Every structure is written in structure tokens, then in C-alpha cells.
Amino acid sequence: MTLIVPEIPFCGRTGTAQQLCKSGKLVFLDSDAPPKRSRESQCQQLNNSYGLLDFSSFDVVYGEFPITRYQKATYRYAVLIRDPYERLVAQYNQMLSRFEQKLQQAPEEAIAAERILTDEKYGFAQWVNTLRNHLPFKAYLDYRAPDQFALIGLPERYQSYCERLSKLIGTEVDPVRTG
């Protein structure tokens, strides 16, 4: 059976993709990072065209994609998820970090970046309410019931997730984080 593994951003990125590719298993990497509005039509086209294809010759399909793209009775599903609030905090902190890097790297952009960092409109609560940051689980997992997954892992139990993933695909997945 083919294992479908969507990687949700800010849920504990790992070196899983690299490890899977080196494992000798047949891996299809798919990554179009869905929930961006600018990519919705492209994402829908991929969903429609991939829905016509049979990926059962692959051991694993891995990457940033909506799970609805791969719907066959013969597929199994696995995912690494994170508490939604912790996930948003990690994403917000990365955004702030990127703005701080711009302050250091490009003095001409410093004024705009500093304005964003100090503007109350860009506080955490406002940021969450104005962007589509509450949708990643819907975009990637379509609110599927937990019993539809062969494996659900948490970043704080990453070693256990890797052990169970290794058993599912029949090869060792080392619990070493790369990012």
C-alpha cells in the first residue's frame, strides 16, 4: 500500500524527505504548498489531474500538498501535527525573524521592516485574525477524522513517530531533525 504523508508547515519540519529518498523506497515528492490564495487555481488543477492518476506503484508520497489530492481506498495516511496555537506562534516568530534579518541585511528596507515590527496592527492577535493562518489543517488535512490515519505523530514524540513510520514503510527513518 502507498503511504500518503502531507507535511504541514510549522509542525516540526524534519529530514524525513531526505531520509525517505535515500531509503531505497520509491518516493514521490509533491510540494506546492497549498493554502496560498495565489496558488489556489494551480493547486485545484493538480488535485484534479492527480486524482486521475494511480500512485500505488510508489511506497510513499511526501510533501506539502492537500490530502484530498490523494484519495484511493488502497492508500494509507500518516501526518506529523502540532498544537494549532504552537504552530501559529512558530509561524509568527519566523515572520518576525525574517523582518529582523531584513533590518540587518538591507538598510534601505529597514524603515519598512521596522514599521511592521513596531506597528500594533501586526501584533500576534491581529496577525492571526487578518491572515488565513487558521486554515492550514483544513487545507492540508480537510478535517479528516483521526481514525482515517495509519499514523499521527507529534513533534514532542518525534522518535516514536519515526519508529512507527519506519514500521509502516518497512525501512529505517532516523529521528534526526534537520530544521
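Threonine 171 is buried, as its relative accessible area is 18%; buried means under 20% relative accessible area, exposed over 50%, and partly exposed in between (1.4 Å probe, protein chains only). The model is predicted: local features need pLDDT of at least 70, side-chain atom pairs count only at pLDDT 80 or more, and totals for chains, interfaces and linings use all residues. Residues are numbered from 1 along each chain as its sequence is written, and side-chain values use heavy atoms, with hydrogens and water left out.

**Threonine 171**
- Threonine 171 lies in the segment that follows helix 7 (158-169); helices (H or I, at least four residues) and strands (E, at least two) are DSSP runs, numbered from the N terminus.
- Apart from neighbours within four places in sequence, threonine 171 has contacts (heavy atoms within 4.5 Å) with Ser23, Lys25 and Ser166.

**Lysine 138**
- Lysine 138 belongs to helix 6 (residues 136-141).
- With a relative accessible area of 36%, lysine 138 is partly exposed.
- A distance of 8.6 Å separates the C-alpha atoms of lysine 138 and proline 66, which are 72 residues apart along the chain.

**The whole chain**
- The protein chain contains seven helices and five strands, in the order β-α-β-α-β-β-α-α-α-α-β-α from the N terminus on.
- Of the 179 residues in the protein chain, 41% are buried.
- Of the contacts between residues at least 6 apart in sequence, 73% join residues at least 24 apart.
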